[in-house]
Amino acid sequence: MSSRLRLPPLPSIRDLIRLYRLRALRQLSQNFLMDQRLIDKIVRAAGRIKDGHVCEVGPGPGGITRAILGRNPEKVVVIEKDRRFIPMLELLTEATDGKMDVIIGDVLSFNMEKMFPEEMRLDWESHTPNIHLIGNLPFSVSTPLIIRWLHAIADKGNAWSYGRVPMTLTFQKEVAERMTAPVTSPQRCRLSVMCQNWCNVQHVFTIPGSAFVPKPDVDVGVVHFEPKIEPIIPLPFTMVEKVVRCIFSFRQKYSIRGAETLFPVVLRESLGLEMYRLADVDPRARPFQLTVGEFGRLCSAYESICLRDPRLFRYNSRSSKKDSFDEEGQLEEGQPLETQGVSSVL
Ligand code: SAM
């Protein structure tokens, strides 16, 4: 017996787009996926969603939404920013007898902490809950979104207050490759370390740009993320992000060059070396040669150095204000840093 939900006969997505004169807005990077086989493949990449709760982000005219509904979830909630899609999404809501809710809003500022039933919350260490986030969003949205969501995963907030909720999202193919890039690979970057620290990441397959209407200039990678029970670096997101960002700021140089920018200029050389010595990491390794574990040891070393003078945590070489330090390592009130007890670490 088929477990698929049979939707009542509906006009095709192509006909609906024509009917509502819905031109994809280039300025919103709207590209619609029309190939049913590929749509089904994206939904299959999410795993078993039957009887589960699904949140689809950026449903547009609802092609992927129909495939999700066809796999018989208990409930589907879609979050769409562009009001022009309301009639098409409401058509689906009516066809499914309340199985689907439409939220008009911006997924970047949406909090899913109360979106799913209370009884679906699971301990973080337990198996993944039957809740799934799926989306084919514009690339300009999907990359900042995954950074926000990794932050939420680290804090066990937003949708991750329900446990280790998996995500299946699309990105520009090159970005998908960077997210999954292993150590020493040419694509290894900040995004690889951040994604792989908190999630098991899989680039499931690639969709040629030609499958979309209108055709984007690039191919699209479908990526599945499953939050890890224990991140490799069990430290706050903002600290990990800061250390990894600084270290990758000079990709081709020795990694210590980027790490030194974590510290005010006068302390850079000594604290940089101390950080690598404490972490037992080779300062001449290039950023892309460092494992996530080595980044973890560098983060811990950075933390222990900062704990001696917490003002170091706030130092940011890119900020114009630089908190209480200026580029020369002077305090705002003009006192040299060395007189504030930092000299003891030199
Ligand atoms: N999912 C549909 C498909 O695959 O055919 C549409 C894909 S289109 C690339 C991206 C969709 O995301 C558009 O409908 C767009 O309006 C919507 N979108 C863009 N930014 C958004 C945001 N910040 N929050 C929610 N939806 C957004």
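Predicted model: local features only at pLDDT ≥ 70, side-chain atom pairs only at ≥ 80, totals over all residues.
Residues are numbered from 1 along each chain as its sequence is written, and side-chain values use heavy atoms, with hydrogens and water left out.

**Helix packing**

- Helix H2 (residues 36-45) packs against helix H3 (residues 63-70) at about 60°, with the axes 9 Å apart; helices (H or I, at least four residues) and strands (E, at least two) are DSSP runs, numbered from the N terminus.
- Axes are lines fitted to C-alpha atoms, for helices over the stretch in contact, and angles run from 0 to 180 degrees between N-to-C directions.
- H2 and H3 are therefore oblique to each other (under 35 degrees is roughly parallel, over 145 roughly antiparallel, 65 to 115 roughly perpendicular, and the rest oblique).
- Helix H5 (residues 139-155) and helix H7 (residues 190-198) have axes that come within 10 Å and cross at roughly 40°, so this pair is oblique too.
- The crossing of H5 and H7 is left-handed.

**Around the ligand**

- The ligand is surrounded by 22 residues (a residue counts if one of its heavy atoms lies within 4 Å), and the closest are Gln30, Gly58, Glu80, Asp106 and Asn136.
- That shell divides into 10 nonpolar, 7 polar and 5 charged residues; Ala, Val, Leu, Ile, Met, Phe, Trp, Tyr, Cys and Pro count as nonpolar, Asp, Glu, Lys and Arg as charged, and the others, Gly among them, as polar.
- Strand E1 (32-33) and strand E3 (75-80) each give the shell at least two residues.
- Glu80 has a polar side-chain atom 2.6 Å from a ligand oxygen atom, and an N or O atom in the side chain of Asp106 is 2.8 Å from a ligand nitrogen atom.
- The protein covers 98% of the 590 Å² of accessible area that the ligand has on its own (Shrake-Rupley method, 1.4 Å probe).

**Backbone details**

- Most residues other than glycine have a negative phi, and most peptide bonds are trans.
- Val213 and Pro214 are joined by a cis peptide bond, with omega about -10°; Pro214 sits in the loop between strand E8 (212-213) and strand E9 (220-227).
- Lys156, not a glycine, has a positive phi of about 55°, and its place is in the loop between H5 and strand E6 (167-172).

Key
Polar contact = N/O pair within 3.5 Å; in protein donor to acceptor, adjacent residues only side chain to side chain. Left-handed = near helix turned anticlockwise from the far one by under 90°.
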